[in-house]
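Open the model in your viewer and keep the selection panel at hand.

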Amino acid sequence: MSLTHEFAVIEKGSNINCIDKSMDMVVVSDKVILYIKDSLDWIDTYWNGKTKRNKGLNYYGYTKIRGQDIEKLKNILDAWIMLFDAAPEQFILKGDYLIEENEYERDLYSKSELLQQLQSLRDMCIDAMNHDMDILHEGI
């Protein structure tokens, strides 16, 4: 089973710190999150219930995305969706560097599957903005 990141809409200011399997959630592949990670670091977030702001997603814990940063996440996702929409139906992206093999991983993607994940997360952002709610992210 591949690693994933889960996202759910929660009440603004909620103390919820994990995504219950009964919640409506969006699941995004870890490899996709790692590929777009640098741009996700432009978002101000809150990690593991702390009030101090961080950047990006907490890879192993949970992250809350609030207010205008939800719109920033949506805009980042819009840009990636537009870029990946230009890809062929099957394409390869570089992954992690494999020291023993002295080369990068080459991960095969399905355009439709990748776009579905990103578009679902984008739709979640719109829902959260329309209802003045937060987004909770749970790392691997």
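Select helix H1 (30-40) and colour its buried residues: Asp30, Val32, Ile33, Ile36, Ser39 and Leu40. Buried means under 20% relative accessible area, exposed over 50%, and partly exposed in between (1.4 Å probe, protein chains only). Helices (H or I, at least four residues) and strands (E, at least two) are DSSP runs, numbered from the N terminus.

Look down the axis of H1: its buried residues fall within an arc of 135°, so they line one face of the helix. The arc is taken over the directions from the helix axis to the C-beta atoms.

This is a predicted model: local features need pLDDT of at least 70, side-chain atom pairs count only at pLDDT 80 or more, and totals for chains, interfaces and linings use all residues. Residues are numbered from 1 along each chain as its sequence is written, and side-chain values use heavy atoms, with hydrogens and water left out.

Next, show S1, S2, H2, strand S7 (103-110) and H3, against which the buried residues of H1 pack. Contact means heavy atoms within 4.5 Å.

**The cores**

Select Phe7, Leu40, Phe84, Leu118 and Ile135, the residues with the most contacts inside the largest nonpolar core, which has 31 residues. A nonpolar core is a set of buried Ala, Val, Leu, Ile, Met, Phe, Trp, Tyr and Cys residues joined through side-chain atoms within 4.5 Å. Another core, of five residues, lies apart from it and includes Ala8, Ile19, Tyr62 and Leu136.

**Last stop**

Select Leu3, in the segment before strand S1 (4-10); Leu3 is partly exposed, with a relative accessible area of 46%.
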